[in-house]
Amino acid sequence: MKIIDVRTAVVEANFDWTYVRIYTDNDTYGTGECFFAPGLTKIIEDLKQILIGKDPRNIERLFVELQHATSGAGSIAGIVINAITGIESALWDLKGKELGVPIYQLLGGKYRDNIRVYCDAHGGDDLESLNNVLRPRQTKWMTELGVQMEHENPDNAIRFFGSDNLDNYTPEAYAKQARETVAKGFNVMKFDVDVPSKFTMDDYNRALHNMEIKQMVSFVEAIRNEVGWGIDIAIDCHWRYNPNDALRLAWELEPYGLLWLEDPTPPENLKALCQVTKNTKTPIASGENLYLRHAFREVLESGAMNIIAPDFQKVGGIWEAKRISDMAENHFVGVVPHNIASPIGTLASVHVAAASLGFIALEYHADSVPFWNDLLIHDGEPLIQNGYIKVPDGPGLGYELNEEVAKKYAKEGELFFGEVLEKVNL
């Protein structure tokens, strides 16, 4: 069996969902998904020449050859690894189909039949889509919903999600979102607390004012009072704060029993994160900006995180994700994979989660995207049911991409698995 082609497609959702498809000379193919990045499909097109004519079953060997081919571009981290990750995942889907078994069986079997999912509930109530450099955009599906982008000047958008309307960020709004998330069946959820605030003194110095901390605590208090102690809560800070102020926030949140506090300090300085982790009872999670198992070695050996949150669509692929999860288990550190993917990337993470002893919960970041479930060919049942995903037993990923739906929301200017699509006027 030989690889004869590599093609990509991009769907505009809340982020760009970039698919890689590996075709072989026996009329089979595998599909993978990459974490978004500028120029990603061009990188994959360049990498194609490394793969043509090779046996797709030699997954780890191909991974190393792709790394070597891009070593000058920095293939130990960054956008190149995003691209390689999608390719590697597609190879696993292909291999599972070829052998007639689900991917988790090739990873040693499964510990669990159902994967616990945590809903990223954000804060406020605005709907937004971001391009590959995090600028808000108006998409076809937003137009269909009657939603218009609120930012008058997208270049000055100050939040990853939501507008700069301070009225959207209140304890009552967080409680409402928590109530609605529980009603959908989730028993664990995550909220952003680094939101626009009238108390912010400076947008750049990583400092927190006393009143900002009080506001954040009021959000968490409202959520806990709303859902009680039977629901797990996590919060995200998006790497915004210095260690001293991050610690002040973590101390204030200790009474509320968070499952974790995510990314309190910038990712460039591991010692800063260690300072926070080792001086609070609030569990600290991070890791979505790390690549390959080598980056997690120092994290785990230093005790910088109580929980790791690698993104399996950018960390190096399915096999690398499994090795990282196994490394974490050696240190009794739990794994909560970061995941902003479509159902295709989510399923890749499901197989790793099923085969990983220390897995806790998998992120779901697309609750506002109306066609998320429709991107799979399935029997009509949603992939996530009552806060869990059943581990599929079909070969490879266990599901196929619904190309009709994907094509409807495909990104203008990108090929759709080799096909040129007509321009869509929003």
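Are phenylalanine 186 and tyrosine 364 buried or exposed? Both residues are buried, where buried means under 20% relative accessible area and exposed over 50%, with partly exposed in between (1.4 Å probe, protein chains only). The views below look at their surroundings and at a few other spots.

Before we start, this is a predicted model, in which local features need pLDDT of at least 70 and side-chain atom pairs count only at pLDDT 80 or more, while totals for chains, interfaces and linings use all residues. Residues are numbered from 1 along each chain as its sequence is written, and side-chain values use heavy atoms, with hydrogens and water left out.

**View A. Stacked aromatic pairs.** The structure holds 13 aromatic pairs; rings of Phe, Tyr and Trp (its six-membered ring) pair if their centres lie within 6.5 Å, and planes under 30 degrees apart count as stacked, over 60 as edge-to-face and the rest as tilted. One of them is the stacked pair of tyrosine 174 and phenylalanine 219, with 4.1 Å centre to centre and 10 degrees between the planes. This pair links distant parts of the chain, since tyrosine 174 belongs to helix α6 (residues 171-183) and phenylalanine 219 to helix α7 (residues 210-227), 45 residues apart. Helices (H or I, at least four residues) and strands (E, at least two) are DSSP runs, numbered from the N terminus. Tyrosine 174 and phenylalanine 219 are both buried. Our opening residues, phenylalanine 186 and tyrosine 364, are stacked too, at 6.1 Å centre to centre and 15 degrees between the planes. Here the loop between α6 and β7 (188-192) supplies phenylalanine 186, and strand β13 (residues 362-364) supplies tyrosine 364, 178 residues apart.

**View B. A ring cluster and two lysines over rings.** Trp17, Trp141, Phe371 and Tyr409 are linked into a cluster by ring pairs. Lysine 140 lies over the face of tyrosine 409, 6.0 Å from the ring centre. A charge sits over a ring if NZ of Lys or CZ of Arg is within 6 Å of the ring centre and within 35 degrees of the ring normal. Elsewhere in this view, lysine 314 lies over the face of phenylalanine 35, at 4.2 Å from the ring centre.

**View C. Strand β4 and its partners.** Strand β4 (residues 114-120) has 6 of its 7 residues buried, so it is largely enclosed by the rest of the structure. With strand β16 (residues 388-390), β4 pairs in the antiparallel sense over 3 bridges; two strands pair if DSSP finds at least two bridges between them. Asparagine 114 stands opposite lysine 390 in β16. β4 and β13 run parallel, joined by 3 bridges, and cysteine 119 stands opposite tyrosine 364 of β13. In β7, methionine 189 is the bridge partner of cysteine 119.

**View D. Strand β7, covered on both faces.** In β7, 5 of its 5 residues are buried. Val188, Lys190 and Asp192 lie on one side, with Met189 and Phe191 on the other. In a regular strand the side chains alternate between the two faces of the sheet. Lysine 190 stands opposite aspartate 120 and also opposite alanine 234 in β8. β7 and strand β8 (residues 232-236) run parallel and are joined by 5 bridges.
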